[in-house]
Amino acid sequence: MGTSPLDPELRFRLPLFPLPTVLLPGMHMPLHIFEPRYRQMVDDCLDGDRRFGLLYHDWDDQGPFLSEPGRVGCVGEIGEHQALEDGRSLIVVAGVERFRLVDGIESDSLYFEGLVTPHPDTTVMEGEELASRRRESIALFHSVVASLSDQPDALPDLDADRELSFLLAQTIQVDPKWHQRLLELTDEGSRLARVDQVLRAVLK
């Protein structure tokens, strides 16, 4: 997919990896690659720009993956890669940016491919208003951490001048459907409201 401005009119061809988990922008996720089609996908990505699209898909609940238009996922960029002797591999991917699936692509590849477009935020809140809103969420997060009996070894670097909702969401262990709904929202303020709702529930 390459580094690109988040222009919703752009279209990209992207390998697709449907999994029952959600990759968020800025998140690092370890993956064990063992199916032949995804071994091929990883090999092709390593020969190219190292990027593929991870889409949330629960095979037991949703049935076959049909490349339905409109689905939102996250571009993952392969960082660490460890090849194993039997053809399997261990990789770590970094969430780069969100995309929306426009259509599936028929190809000779064993794995899924799709035509995708960026899924950027719309501007509802910005500037000092947005920074102030982020500071509220940061204070709430620190209140939750202070209430824990077991303190974490390390905390994320929280900055009110940078995107915050996806970073905070990585610390919340809930049903992946919750993370998927958060991924689809195109307003930082709305995402922070959902994150704060969970944090307040923890405090209660």
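**A helix and its surroundings**

A: Let's start at Arg-50, which sits in the loop between α1 and β3; these labels are DSSP runs numbered from the N terminus, with helices (H or I) of at least four residues and strands (E) of at least two. Please keep in mind that this is a predicted model, in which local features need pLDDT of at least 70 and side-chain atom pairs count only at pLDDT 80 or more, while totals for chains, interfaces and linings use all residues. Residues are numbered from 1 along each chain as its sequence is written, and side-chain values use heavy atoms, with hydrogens and water left out.

Arg-50 has a positive phi of about 70°, although it is not a glycine. With 29% relative accessibility, Arg-50 counts as partly exposed, on a scale where buried is under 20% relative accessible area, exposed is over 50% and partly exposed is in between (1.4 Å probe, protein chains only).

Now step to the helix on one side of that loop. Helix α1 has twelve residues and spans 17 Å from its first C-alpha to its last, close to the expected 16 Å, a figure that comes from 1.5 Å times one less than the number of residues. Tyr-38, Met-41, Val-42 and Cys-45 of α1 are buried. Seen down the axis, the buried residues of α1 fall within an arc of 95°, so they line one face of the helix; the arc is taken from the directions from the helix axis to the C-beta atoms. Pro-36 and Asp-47, on the other side of α1, are exposed. What do the buried residues of α1 pack against? Their partners are β1, β2 (28–33), β3, β4 (72–83), β5 (89–104) and β6 (112–118), where contact means heavy atoms within 4.5 Å.

Tyr-38 also leads us to the aromatic rings. A search of the whole structure finds three aromatic pairs; rings of Phe, Tyr and Trp (its six-membered ring) pair if their centres lie within 6.5 Å, with planes under 30 degrees apart counted as stacked, over 60 as edge-to-face and the rest as tilted. Phe-17 and Tyr-38 have ring centres 4.1 Å apart and planes at 25°, so this pair is stacked. Phe-17 is in strand β1 (residues 12–19) and Tyr-38 in helix α1 (residues 36–47), so the pair ties together parts that are 21 residues apart in sequence. Both Phe-17 and Tyr-38 are buried.

Phe-17 has a tilted pair with Phe-52 as well, at 5.9 Å centre to centre and 55° between the planes. Since Phe-17 belongs to strand β1 and Phe-52 to strand β3 (residues 51–56), this pair ties together parts that are 35 residues apart in sequence. Phe-52 is buried, with a relative accessible area of 0%, and the value for Phe-17 is 5%. Phe-17, Tyr-38 and Phe-52 form one aromatic cluster.

Strand β4, one of the partners of the helix, holds Gly-73. Gly-73 is buried, with a relative accessible area of 0%. Leaving aside residues up to four places away in sequence, Gly-73 touches Leu-54, Leu-55, Glu-97, Arg-98, Phe-99 and Leu-183.

One last stop is Ser-67, in the loop between α2 (59–62) and β4. Phi of Ser-67 is near 55°, a positive value in a residue other than glycine. Ser-67 is buried, with a relative accessible area of 11%, whereas Arg-50 is partly exposed.
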